[in-house]
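These are my notebook entries on a structure that I am reading for the first time. I record what I looked up, entry by entry.

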Amino acid sequence: MPSESSSSRCPGGGSHRASSAPAQEQPGDRSHRCGVPDALRLVARAATGILLLYTAPALVTGFFPVVTAWSVKLIVDRLAAGATVRELLVPALVLVATGIATGAVPHLARYLRTELDRRVGLFAQDRLFASVEGFPGLERFENPDFLDRLRLAQQTVVGPPVAVQALDGVLGAVRAAVTVVGFLGSLLVISPPTMALVLLAAVPTLVAEMLLSRRRAATAWSIGPDERRQFFYMGLLANVEAAKEIRLFGTGAFLRSRMIDSRRSADAARRAVDRREAGLRCGLGLLAAGVAGAGLLWTVGTAQGGSLTPGDVAVFLAAVAGVQAALTALTGDLAGTHHALLLLDHYQAVVRAGPDLPRAVEPRELPPLRGGVELRDVWFRYSPDHPWALRGVNLRLPAGATIALVGLNGSGKSTLVKLLCRFYDPTHGRILWDGVDLRDVCPSELRNRISAVFQDYMEYDMTAAESIAQGDLGALGAPDRIKDAATRAGVHATLSALPHGYDTLLSRMFFTESDKKDPATGVVLSGGQSQRLALARAFVRDRRDLMILDEPSAGLDAAAEHEIHTSLRAHRKGGTSLLISHRLGAVRDADMIVVLERGRVVEQGTHDELLAQHAQYARMYALQAAGYRSSTAPPATVPSQAPSPTSGGKGT
Ligand SMILES: Nc1ncnc2c1ncn2[C@@H]1O[C@H](COP(=O)(O)OP(=O)(O)OP(=O)(O)O)[C@@H](O)[C@H]1O
């Protein structure tokens with residue numbers, strides 16, 4: 001169990017506190033729900049100065065419609081009273097100034113807004129991926145709920161960041177509220193009955209707009225699955241990997257119809273809301289026109305009686321239109337803010353998720369491997385809902401030995417490797433590195449001592465040298481190390497012959513308009529060559545204590561796999577290696593072969609010892625050897641020394 005005491009630093013792993021991994025948050029979990037202050041804090045941390053510059057004019061513009069109406073009123077009233085030019089000058093200048101500001105401020109605000117988007121986007125993106133990079137384990141990457149949340153969180157940082165959208169919504173709502181209050185206050189001063197009339201007309205608008213925005217938000221969420229399906233089919237139809245099967249199986253039309261069905265279904269939901277919105281807006285328009293008309297008749301009549309001035313009539317008309325427009329904007333802004341905050345929830349949940357593995361308070365140093373790695377009664381399942389992948393594994397990997405792990409599909413080989421790298425912790429039991437429990441060491445320190453090629457190795461869209469140096473970034477400035485690793489992986493000749501040698505880009509993704517026709521811009525390696533490149537990536541860091549090759553050679557022929565393992569042993573004399581392979585002949589020279597079956601170690605020993613046991617290993621080996629014989633008949637009995645399956649088909 002992780003020990004508990006004061007905090008200390010773990011290189012690359014953050015501070016250590018005794019804590020178990022936080023419970024997996026679900027997308028529906030609202031315990032950390034974001035509010036406007038969270039959005040503001042994020043924007044302020046990214047760009048305080050621009051935030052202040054942007055906020056002030058954005059709010060001031062709320063007064064413009066009211067100031068304009070009052071200026072018009074004063075001019076009209078003074079004109080009607082036969083005022084002099086001097087008396088008209090001030091309201092006229094205010095009107096002109098407001099007009100200029102109304103024309104200029106939006107452009108300035110737009111520039112500040114885009115700058116705010118850029119800075120907040122950069123800050124939020126860096127923070128999001130720093131958090132993701134900080135998860136030491138793999139569980140979250142294999143959890144569909146978390147992946148869904150991560151996908152939504154990524155959406156919040158591409159395009160206009162949602163924190164700025166939330167800020168904009170709030171500013172818009174405040175601006176609209178300022179306009180409404182300004183007009184109502186003006187009418188209260190001029191004529192309380194007209195204010196009551198405008199207020200009365202505003203209530204249905206407000207209610208209708210709120211209902212509409214709620215329905216729009218509900219529709220946006222309800223069509224989410226349809227939209228995701230649509231994107232899935234779009235991606236599939238444009239994907240080079242899928243293209244082979246789609247063409248061969250002739251499923252293109254089927255997939256396209258599914259994509260279109262998803263779109264139709266989403267469109268139908270949107271259409272229903274649009275229709276409702278159109279009907280309601282027509283009603284609101286009629287209501288506004290009715291109120292404006294009735295109010296106008298009343299105010300004109302009152303003005304004729306001398307109780308209201310012509311300017312009061314102008315303010316009334318501006319107020320009816322202004323309040324309706326401001327209320328529509330207000331509800332739209334509030335709905336926009338609500339939507340942005342819901343998305344920000346996902347962002348914050350990822351950023352605040354914390355490490356996904358328990359952390360030792362005082363991490364122990366991991367010494368270079370002297371004795372060995374030992375698994376003691378290790379049980380593991382991916383979650384309580386999953387069956388056990390490892391069931392009480394007891395195994396010792398002695399330092400300096402080459403150990404092969406074999407077994408049928410699903411027997412737990414890759415799972416065991418994931419535990420050795422501490423991508424997960426055992427559910428029960430312990431893994432000891434020279435007696436030190438892996439739970440008590442910093443994951444980054446452990447991984448510093450390990451090199452590996454995984455079954456699902458990566459292909460990087462980088463130059464050949466950069467791609468190999470991903471195994472050890474220190475090799476970036478050391479071409480000899482890169483060449484040595486490539487030579488050992490049997491890919492040096494291929495890479496040297498590329499248009500720019502090791503500096504050739506292994507991708508056709510990043511060409512520009514000018515060099516897109518130049519084949520030297522980038523090349524695509526074959527599957528087997530890519531696999532050798534992945535091996536070179538592992539070899540470039542092979543001064544590590546433990547080398548793991550998890551089926552590194554599925555794309556290579558049997559002889560090539562044998563050659564790789566032989567070369568590995570020669571270069572790693574004295575080093576500890578764990579080899580996983582389905583080709584038993586390729587690993588027959590290992591110091592120890594361990595057979596896994598349904599998560600249990602069922603046999604272990606040297607090749608000869610295991611053959612002598614006439615058990616599962618011997619059966620598997622005989623079966624594979626039979627596949628290499630010229631005769632297709634299975635062997636009647638298990639031979640004591642079957643021919644090597646790596647003999648490349650030149651069987652007996
Ligand atoms: N991410 C995962 N989530 C849930 N179950 C998993 C996950 N990965 C593997 N399993 C399950 O754990 C068991 C062991 O799988 P594992 O990949 O370790 O087997 P393996 O021996 O490496 O198989 P193969 O030879 O096919 O690579 C299998 O039942 C598999 O379905």
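**Entry 1: the chain as a whole.** I began with burial and found that 36% of the 652 residues of the chain count as buried. A residue is called buried if 20 or more other C-beta atoms lie within 10 Å of its own, exposed if 12 or fewer, and partly exposed in between, with C-beta atoms placed from the backbone. I noted that this is a predicted model, in which local features need pLDDT of at least 70 and side-chain atom pairs count only at pLDDT 80 or more, while totals for chains, interfaces and linings use all residues. Residues are numbered from 1 along each chain as its sequence is written.

I then looked up the secondary structure, and the chain has 19 helices and 12 strands. Helices (H or I, at least four residues) and strands (E, at least two) are DSSP runs, numbered from the N terminus. For contacts, I took two residues whose C-beta atoms, placed from the backbone, lie within 7 Å. Among contacts between residues at least 6 apart in sequence, 75% join residues at least 24 apart.

**Entry 2: domains.** I found three domains in the assignment: domain 1 (21–351), domain 2 (368–449 + 546–642) and domain 3 (457–543). Such bounds come from an automatic or database domain assignment. The C-alpha centres of domain 1 and domain 3 lie 49 Å apart.

I also consulted UniProt, where an unreviewed entry places the feature "domain: ABC transmembrane type-1" at residues 58–332. UniProt positions are given in the numbering used here, feature names are shortened, and annotations may be inferred rather than shown by experiment. In the model, residues 58–332 are 88% helix and 0% strand, and the end C-alpha atoms of the span lie 16 Å apart.

Entry 3: I looked up helix α5 (residues 162–190) and helix α6 (residues 192–222), whose axes come within 6 Å and cross at roughly 145°. The axes are lines fitted to C-alpha atoms, for helices over the stretch in contact, and angles run from 0 to 180 degrees between N-to-C directions. Leu184, Leu187, Leu188 and Ile190 in α5 meet Pro192, Thr194, Met195, Val198 and Leu199 in α6.

Alanine 325 and alanine 176 are 149 residues apart in sequence, yet 8.4 Å apart in space, C-alpha to C-alpha. Alanine 325 counts as partly exposed because it has 16 C-beta neighbours inside 10 Å.

**Entry 4: the ligand and α11.** I counted 13 residues around the ligand, the closest being Tyr382, Ala389, Asn409, Ser414 and Thr415. A residue is near a molecule if its C-beta atom, placed from the backbone, lies within 6 Å of it. Helix α11 (residues 413–420) gives the most to this shell, with 3 residues.

I found α11 largely enclosed by the rest of the structure, because 6 of its 8 residues are buried. These are Lys413, Thr415, Leu416, Val417, Leu419 and Leu420.

**Entry 5: two arginines with positive phi.** Arginine 422 lies in the loop between α11 and β6 (428–433), and its phi is near 55°, a positive value in a residue other than glycine. With 23 C-beta neighbours inside 10 Å, arginine 422 counts as buried.

Arginine 598 has a phi near 45°, also positive, and lies in the loop between β11 (592–597) and β12 (600–605). I recorded arginine 598 as partly exposed, with 15 other C-beta atoms within 10 Å.
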